Amino acid sequence: QACFSGCPGPMSYSDCEDDDEMAFMIGQRRFMFPLDYEDCHNAIALGDFRPVGEGGSGNWERKYAENPGRFTTDYRRKLLSGQSAYKEADVGHIFSFGNGGSNTVGNVMMQDRAYNRTIGKDGDHLNAALVGYKKADVALEESRNYGALESGRHAGRSSTEIVEEGKDAWKSVGVRMKKGGGLDKRCSAYRSKEVTVEDNGRIVGLDEKVRELRSASRGAK
């Protein structure tokens, strides 16, 4: 049973064909969602970071509900203090706060800093594809409950629809994402080393692929 909404229990690796691929995916998913690989009941004595409806202390409503900068800064400090793996990473929203995404544990992931600062609020579908169907669904539900998602561009949309939009966009620039989240090593962008995965699981190079997508979109207009 999940210990909090953003941690839906052990991650599935049914989309991996062999042990090597599983190890490759574990690295990426561990980087994006470190809580899934910790003793969550201890690592996230995160009452301050959770709404009262999710068992929080009430501090979230006072400090973080409407302050994404404070939420991500304090969350990073609380969770990742001293962890060198995250030196070049940001706490990023899956669904942007600017699009009604919530400042909640289930709507954030660890991202390569260059990618996070390139993606902006027009790349929620890319983030959804990056984290996979299950995590995107958690992020969507929390953002509906604790954000303002239904007042923006994602009103009435399903997480599956958004993930598939993102997967199609990534494919157009040679990037494929696994259904459970993370980069598929068989894609051309990985094989050509345009996009790489570091030993700690951080995906590097997606920022350039976002720029490529935007350039193609401008050229099509």
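Author: Along the sequence, the protein chain follows the pattern α-α-α-α-β-β-α-α-α-α-α-β-β-α, which comes to ten helices and four strands. Helices (H or I, at least four residues) and strands (E, at least two) are DSSP runs, numbered from the N terminus. The model is predicted: local features need pLDDT of at least 70, and side-chain atom pairs count only at pLDDT 80 or more, whereas totals for chains, interfaces and linings use all residues. Residues are numbered from 1 along each chain as its sequence is written, and side-chain values use heavy atoms, with hydrogens and water left out.

The strand in question is β1, residues 89-93. Five of its five residues are buried, so β1 is largely enclosed by the rest of the structure. Here buried means under 20% relative accessible area, exposed over 50%, and partly exposed in between (1.4 Å probe, protein chains only). In a regular strand the side chains alternate between the two faces of the sheet. In β1, Ala89, Val91 and His93 point one way, while Asp90 and Gly92 point the other way, and all are buried.

The partner of β1 is strand β2, residues 108-112; the two pair in the antiparallel sense over five bridges. Two strands pair if DSSP finds at least two bridges between them. Within β2, methionine 110 is the bridge partner of valine 91.

The wider setting may be described next. Of the 221 residues of the protein chain, 52% count as buried. At 1.5 Å a residue, the 13 residues of α4 (residues 68-80) should span 18 Å, and the end C-alpha atoms are 17 Å apart, which agrees; the expected span is 1.5 Å times one less than the number of residues.

A further buried site is aspartate 184, with a relative accessible area of 7%. Aspartate 184 lies in the loop between α8 (159-171) and α9 (188-191). Not counting residues up to four places away in sequence, aspartate 184 touches Arg176, Met177, Lys178 and Tyr190, where contact means heavy atoms within 4.5 Å. Aspartate 184 and phenylalanine 24 are 160 residues apart in sequence, yet 9.1 Å apart in space, C-alpha to C-alpha. For the protein chain, among contacts between residues at least 6 apart in sequence, 62% join residues at least 24 apart.
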